[in-house]
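Dear colleague,

A short account of the findings follows it.

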Amino acid sequence: MQDAESASNSKAGWIVFSLSLMMFLQFFAWGAWFASLSAAMDMKLLGAFIGGAYEAAPIAAIFAPLFLGLVADRLFSSERVMGVLMLIGGCIMLSLPGIAEEASVFANEMAENMRADGVYDADVFAERQQAENTSGKTLVWMILAYLLCYMPTLGLGNTIAFSNIPSQNDFPKIRVWGTIGWIVAGLTVGIFGWSSSYNIFWLGAGSSIALGALCFFLPHTPPPLKGKPMDIRSLFMVDAFALLKDFNFLVFAVCSTLICIPLAYYYGMTAPYLNQTGFSEPAATMTIGQMSEIIFMLLIPFFFRRLGVKVMILVGMACWVLRYALFAYGAPDQVTWMLLLAVALHGICYDFFFVTGFMYTDQKAPVAIRGQAQGLLVFLTQGVGMFFGYRIMAGGSLFGFIPLDLTFGSYGEQVKSTAYTEALGQARGESETVSFLESFTKMFSRSLPEGLDAGLLADAMMQWKNFWLSPAIMAAIIFVVFAVTFWDRTEKEPDAAEAAAAEPTPTDPAV
């Protein structure tokens, strides 16, 4: 009897450990490269491709539910599908350092030739990069290929976890290892001094392959919909779209989509901004946001009971305005505390808006279509909203002829600081070997090397100030619209709110 009980406890312990390790590696593999990709590309003169690289994420997020609904949930066991996807993704990522290096060599040669001919111009340089740098375009396509493999694993990981844990209440203690994995990835990049290096791809590839191998040792999880008829209404969220007939839910859905446009500015451009203001390891610096997120996640039930849906969401939106304002007004003099506070606000920005939004959606949707409703919210926010956000952030266009370079006067204009980033890279020189303590301190402190051209620095910082004021204005407008038009008085009981906070939520790129 004791032997049977001991074996059962041992099996349960392995399940919890393996699922926690799965979550850790899953988000380590993403956080290893995603947070600092823009900083590496910016320092290597590939700024023209940053928008394309980041908008690959929402494109993949849009197609992931279709893959899950048509293939993964019906034909093969979840752990094997996830294992194969991560192994393929890891192999794809192994090719990225070489491609990225080729693109950077081309970009540097072009910049040198243009300067030698006396025709260098930032706008012309960016246009020529997009037109002529074949390796740069290939890099964007390969990042999309990796993310098309990765994004479905977010749903698969949750399916594997919920199919093998005794209670949903056990999920948070397993899922939190995903956030820890993202934090450890950022700190690892910082410790090795890789925030502006393509070594981030090697780290992402190695952890992806490790996760792929682990998946074949996870508990067997048969396809949950095997043998069931195809439900087109569920697959395309037809019933969930019907919720938009409710005016308050429509306002919530529209504002949630729109707020992801300024959100994209944070994910796409914070790393190069921090790098240019003196944080030499922005990947590590940005983990402050995830640390704060864990704290505020635990406080969600407390605030939800006392503030309600509308106030919670408005607080989240207000913090977005404050975050971008701190970035903008901290730029001219590179005010360290303002920049660090802006990063730390990520916990409130994400938790108070998105987690509360997931809870509100769960509340509004009938039980039978709650899964559809959550899928719809992810489609609108992480898919549609983020796609347009990254495209607007980079001053791109839609279909090649509809301009999406949204600006407010000079606010929101693209930062054209190629000369400054080159000067910064040269002034920093090669990374020196330092102790762990010195490395750790460096990740959360700011300093610019001596000898930088003061004129280049001032010009770059003024451009960053104008750039960040644009998402601040956008978030402020959406704040006012939501405050005036959303008047849903429905309340949740405290216990139900706490239960909803413990439910899994679709993953934010910086979680």
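The charged end of arginine 323 sits over the ring of tyrosine 266, 4.0 Å from its centre; the criterion is that NZ of Lys or CZ of Arg is within 6 Å of the ring centre and within 35 degrees of the ring normal. Arginine 115 likewise lies over the face of tyrosine 120, at 4.2 Å from the ring centre.

The model is predicted, so local features need pLDDT of at least 70 and side-chain atom pairs count only at pLDDT 80 or more, while totals for chains, interfaces and linings use all residues. Residues are numbered from 1 along each chain as its sequence is written, and side-chain values use heavy atoms, with hydrogens and water left out.

Rings of Phe, Tyr and Trp (its six-membered ring) pair if their centres lie within 6.5 Å; planes under 30 degrees apart count as stacked, over 60 as edge-to-face and the rest as tilted. By this rule there are 37 aromatic pairs. Tyrosine 120 and phenylalanine 125 form a tilted pair, because their ring centres are 5.7 Å apart and their planes are at 45°. The rings of phenylalanine 302 and phenylalanine 303 have centres 5.3 Å apart and planes at 75°, so this pair is edge-to-face. A cluster linked by ring pairs includes Trp30, Trp33, Tyr146 and Tyr390.

As to burial (under 20% relative accessible area is buried, over 50% exposed, in between partly exposed; 1.4 Å probe, protein chains only), phenylalanine 125 is buried at 4%, whereas tyrosine 120 is partly exposed at 23%. Of the 511 residues of the protein chain, 53% count as buried.
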